[in-house]
Amino acid sequence: MSKLVNQPVEVVLENGFPRRFFFHKSFLIHHIQEYWREAGQWWLGETERFVYQVVTDYGVSELHYLPSTDSWILYRL
Amino acid sequence: MFVHLHVHSQYSMLDGASPISAYLEAAARWEMPALALTDHDNVSGAVEFHQEAAKLGIKPIQGVEITTTDGTHLTLLAENSTGYANICRILTAGHTQNPRGDCRISWDVLSQFNKGLIVLSGCRRSGVSQALLRRNFSQAKVELRRLIEIFGCEQVYLEMINSHLPHTKYLLEGLAALHECTRIPLVATNNVHYLDKAAFPVHDLLVCTRTQTTLADIHPERPLNAENYFASPEEMAQRFAPYPQALASTLEIAQRCTPALELGQNHFPRFLPDKGPEAAAQLLRELTWSGARQRYGRITSGLRERIEHELRIITTLDVADYFLVVWDIVQYAHKKGIRCAGRGSAADSVVAYCLGLTNVDSYARGLLFERFLSLERAQKPDIDIDFDSRYRDDIADYVYKRYGEEHVASVCTFQTYHARSALRDFGRAFGYSQSELAQLTKNIVHYCPADGIRSLLQRLPELRRHPLHHPKYAKLLDYCAAVAGFPRHFGTHLGGMVISAKPLTEVTPLQPSAKGVLITQFDKNTIEDLGLIKIDLLSLRTLAAVSDAEQNLKPMGFSYEQIPQDDPRTYARLRTGETVGVFQLESPAQRALQSRLGSEVFEDLVASVALIRPGPIKGDMVEPFIARRRGREEVSYIHPKLRRILEKTYGVVLYQEQVIEIATEIAGFTPGESDRLRKVMTHFRSQKEMEHIGEEFIAKAVANGVEREVAEVIFSYIVGYAGYGFCEAHAAAFADTAYRTAYLLEHYPAQFYAALLNQQPMGFYPPNTLCVQARRRGIKILPLDVNCSEVDFTADDRTIRIGLKQVKGMEQSFLESILTERSRRNSRPWKTLSTAPMSAAMSQKTSSWGEHLIGFHPTAASFCGMFPPTTKTNREASSWNRRFRSRFRTSPRWNAG
């Protein structure tokens with residue numbers, strides 16, 4: 001089971017890909033399971049986002065990268 | 001280096017958000033040697049693509065994305081002209097073997113027409129990709145093997161699309177594994193649906209329109225992201241870095257393909273198939289001179305020169321066969337007694353007049369043949385013929401039988417986005433209510449292009465408080481502007497047909513129209529470039545009414561063809577403005593114009609027909625024309641060169657011919673450029689296009705020595721005229737019919753009104769109005785009477801009798817039984833309700849026609865001639881009538897009296 005978080009997080013990159021993120025504690029990313037891009041609800045002003053489904057010690061998490069603000073969101077943990 | 005091989009343009013109809021030209025410009029910028037066009041289920045953009053690509057030095061690869069009978073997608077590319085012909089055959093089969101709008105191709109059809117095609121395994125909806133996404137590798141191999149068996153391993157490529165969707169990595173790895181197993185090469189595409197990310201919202205809105213959803217709805221066909229754009233070669237190299245061979249394959253395919261379209265050929269059939277073109281030219285010459293002797297009697301040297309000039313151009317352009325084919329159709333109509341009349345620019349031709357194709361003497365009117373056909377433009381001729389509407393389908397049948405079903409088809413039209421349709425479609429996708437949509441489109445004129453809404457809002461005072469001024473609609477207006485002129489769906493040209501020497505399916509795919517006839521996938525503008533020539537066989541109810549009236553008037557020695565040309569009573573009638581029923585001159589605006597203009601000569605009618613059109617009205621040309629014609633205003637010209645061109649129309653731009661001449665004289669446009677201006681002006685699909693040609697006009701006029709301000713004013717005349725305008729020849733052809741119907745109205749009103757009533761629905765007014773007008777002329781409208789009424793309306797000098805066919809729901813069998821019985825009785829009237837047809841009507845009291853026949857009039861009008869007012873039977877009929885009325889609440893359609 002994962003839970004919806006949808007909060008900004010700090011992400012450490014390695015070769016341009018997320019390697020570690022911090023949400024109350026540090027999560028080491030073992031590998032990126034899936035990656036895709038979403039246009040979002042553009043008609044409501046949402047911008048494009050890159051979705052990374054990553055595997056950590058605590059299971060699968062979903063990180064969203066927002067290129068328009070160069071920021072990261074932990075969407076699901 | 002990379003070449004895009006899977007690209008959807010605006011011709012993908014609600015699934016492509018950028019025009020062909022935008023892709024080609026980008027391809028040229030990135031120095032792509034070739035480009036493929038693969039619209040869904042059609043090749044409608046093929047000609048435009050071929051021509052535009054050639055201008056930019058890019059090799060056009062014709063293709064299509066098809067849907068197979070099992071619902072999977074497949075990308076086909078034409079390696080050569082054989083491949084293109086096979087795409088046409090495949091699409092025709094898919095369209096004709098399935099319900100309209102659901103083109104599905106069977107594997108058998110693909111096996112049958114497999115030559116000259118390169119096959120890309122397809123997008124995510126392909127059989128191979130679907131199997132891989134289901135993690136069924138062996139099924140993917142089966143799907144691939146099927147393609148190899150049909151097309152051969154040399155022709156098949158595994159299509160890789162990296163558009164950053166979920167499971168893309170797995171899909172690409174699966175395709176690479178298939179490549180390892182089978183050695184079928186990989187090829188990279190981006191399944192392009194729009195030029196760049198900025199155009200993605202437009203694509204999403206188009207998909208919403210296609211799927212009839214709103215933006216808030218979830219639908220499997222809605223795109224998840226904005227990655228299917230026309231990516232640069234660098235970006236594609238980045239996306240396919242692990243698969244360099246997939247990028248290399250794009251170039252390999254581009255090298256293998258040759259331009260598949262062969263434009264500039266003539267596929268029109270030879271009228272004399274066993275003989276060469278010279279024989280057709282000779283026959284045309286003989287027929288023309290024979291017609292000229294009949295039409296003119298004496299041939300002057302000027303006329304001889306004009307006819308020779310026309311024949312020379314016709315022969316040089318090798319279109320004598322076209323004239324002969326049309327002549328043959330008109331001959332058939334004459335033989336069958338079907339009335340017809342030519343219209344359009346063909347009326348510029350003396351040859352057409354001599355052949356009896358038109359009734360406008362273009363020599364006497366000084367009309368320019370080059371507007372119809374010229375060596376410089378080298379365009380194909382386009383002859384439009386109106387036929388009596390009752391028999392137009394008979395004429396079409398004749399053409400099908402004469403040339404063969406495989407060689408004849410109707411021409412399609414593209415219903416394109418204009419302001420109102422774009423606002424409606426996109427507004428609906430945004431989730432606006434019907435009432436809000438009605439508000440948004442209110443007062444937006446129908447001819448406004450989708451990219452001209454803002455300027456319209458600024459220009460028209462009545463739109464100052466229009467809701468579209470609200471900032472929340474700003475984006476909507478941008479999206480509407482982006483689809484200006486995009487085709488939305490196919491339509492059928494009213495009368496356009498093409499005839500081909502070779503089977504049509506080798507030149508164009510065919511698909512069924514809503515009416516059921518097969519239509520081409522190219523419209524009248526592009527069909528010519530493919531070597532096909534359109535013939536317009538139109539249906540005109542006025543001609544049916546005219547024939548009907550003439551039939552009635554024959555015993556009085558009347559002949560429609562012998563109507564005197566300058567009848568003072570006819571002009572007097574026109575000047576009263578009481579012209580209800582007159583062809584083209586009956587609208588309220590025309591009636592008002594007639595009384596103000598004071599038509600005295602035929603030339604006034606020609607001008608009238610051209611004046612009351614959106615173009616001249618929008619351009620404020622009506623008032624100056626009337627004032628100048630009546631001598632109340634001085635005629636002035638902003639530039640001396642305009643005098644010769646506009647003298648005939650008192651300095652007002654009224655005809656298309658004048659626009660062409662202005663462009664040539666003022667801006668020094670070549671005939672080709674002038675014709676492009678005429679087309680832009682006539683269709684006015686895009687504000688941008690108009691602005692672009694305006695800049696060109698002004699720049700060339702300035703270079704030609706005209707002051708900039710003057711050039712701008714002259715172009716503003718042309719812009720004002722844009723939308724809809726007539727060519728003079730067309731206006732003259734219509735004016736001829738208008739004058740003749742006015743003559744009928746003046747001299748034989750009862751017969752003419754009866755004929756008009758028989759052809760309803762037609763014209764501007766409902767039947768009641770026609771009856772009122774007839775009564776104003778002292779004509780009595782007699783009620784329906786089973787003893788007197790014929791099938792249709794009948795008339796004598798002062799009366800019109802309602803026909804039996806007017807009874808709502810009347811069955812043909814009963815109608816015939818009445819007439820048979822009546823003739824058997826030798827016109828002895830029925831006196832009681834118990835006689836055969838009467839009791840039949842009574843017994844049909846539950847059927848609609850029985851009820852209407854009896855309940856037609858408050859006093860049972862159908863039987864009113866039968867009974868004196870106080871007899872028992874009349875009371876009986878009235879009683880029926882009351883009972884039916886209370887049960888069915890019927891209302892009479894005609895007000896007799």
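In chain A, take the contacts with a separation of 6 or more: residues 24 or more positions apart account for 38% of them. Keep in mind that this is a predicted model.

What is chain A built from? It has 6 strands and 0 helices. Read from the N terminus, the order is β-β-β-β-β-β. Along the principal axes, the C-alpha atoms of chain A fill a box of roughly 35 × 30 × 20 Å. How much of chain A is buried? Of its 77 residues, 21% are.

Now the strand pairing in chain A. Start with S3(A), residues 25-38, and S4(A), residues 49-56. They run antiparallel, and 8 bridges join them. Within that pair, His31(A) stands opposite Val55(A) of S4(A). Next, S4(A) pairs with S5(A), residues 59-66. That pairing is antiparallel too, over 7 bridges. Which residue of S5(A) faces Val55(A)? Val60(A) stands opposite. So much for the pairing; now the connection. S4(A) and S5(A) are joined by a hairpin, through 2 residues.

Please find Phe23(A). It sits in S2(A), the strand of residues 17-23. What does Phe23(A) touch? Leaving out residues up to four places away in sequence, Phe23(A) touches Val9(A), Leu74(A) and Leu77(A). For a distance, take Glu62(A). Phe23(A) and Glu62(A) are 39 residues apart in sequence, and their C-alpha atoms are 12 Å apart in space.

On to where the chains meet. The contact takes 8 residues from chain A and 12 residues from chain B. What is the make-up of the chain B side? It has 8 nonpolar, 3 polar and 1 charged residues.

Now into chain B, helices to begin with. H10(B) covers residues 244-256, which is 13 residues. From first C-alpha to last, H10(B) reaches 19 Å, close to the 18 Å expected at 1.5 Å a residue. Which residues of H10(B) are buried? They are Ala246(B), Leu247(B), Ser249(B), Thr250(B), Ile253(B) and Ala254(B). Why do I call that one face? Seen down the axis of H10(B), the buried residues fall within an arc of 150 degrees, so they line one face of the helix. Turn to the face away from that buried side. There you find the exposed residues Pro244(B) and Gln255(B).

The other helix I want is H13(B), residues 320-335. Its 16 residues should span 22 Å at 1.5 Å a residue, and the end C-alpha atoms are 22 Å apart, which agrees. The buried residues of H13(B) include Tyr322(B), Phe323(B), Leu324(B) and Trp327(B). Asp321(B) is among the buried residues of H13(B) as well. What comes just after H13(B)? There, Gly337(B) takes a positive phi of about 70 degrees.

Next, a strand in chain B. S9(B) spans residues 408-416 and is mostly covered, with 7 of its 9 residues buried. Which strands pair with S9(B)? One of them is S10(B), residues 487-499, in the antiparallel sense over 8 bridges. In that pairing, Val408(B) stands opposite Ile499(B) of S10(B). S9(B) also pairs with S12(B), residues 518-523, in the parallel sense over 2 bridges. There, Cys412(B) has Asp523(B) as its bridge partner in S12(B).

Last stop, a glycine. Where does Gly705(B) lie? In the loop of chain B between H31(B), residues 687-703, and H32(B), residues 708-721. Gly705(B) is exposed, because 8 other C-beta atoms lie within 10 Å, and 12 or fewer counts as exposed. Ala667(B) is 38 residues from Gly705(B) along the chain, and the C-alpha atoms of the two are separated by 9.0 Å.

That is my tour. Over to you.

Terms used:
Residues are numbered from 1 along each chain as its sequence is written. Chains are lettered from A and ligands numbered from 1 in the order in which they are written. This is a predicted model: local features need pLDDT of at least 70, side-chain atom pairs count only at pLDDT 80 or more; totals for chains, interfaces and linings use all residues. Helices (H or I, at least four residues) and strands (E, at least two) are DSSP runs, numbered from the N terminus. The expected span of a helix is 1.5 Å times one less than its number of residues. A residue is buried if 20 or more other C-beta atoms lie within 10 Å of its own, exposed if 12 or fewer, and partly exposed in between; C-beta atoms are placed from the backbone. The arc is that of the directions from the helix axis to the C-beta atoms. Two residues are in contact if their C-beta atoms, placed from the backbone, lie within 7 Å. Ala, Val, Leu, Ile, Met, Phe, Trp, Tyr, Cys and Pro count as nonpolar, Asp, Glu, Lys and Arg as charged, and the others, Gly among them, as polar. Two strands pair if DSSP finds at least two bridges between them.
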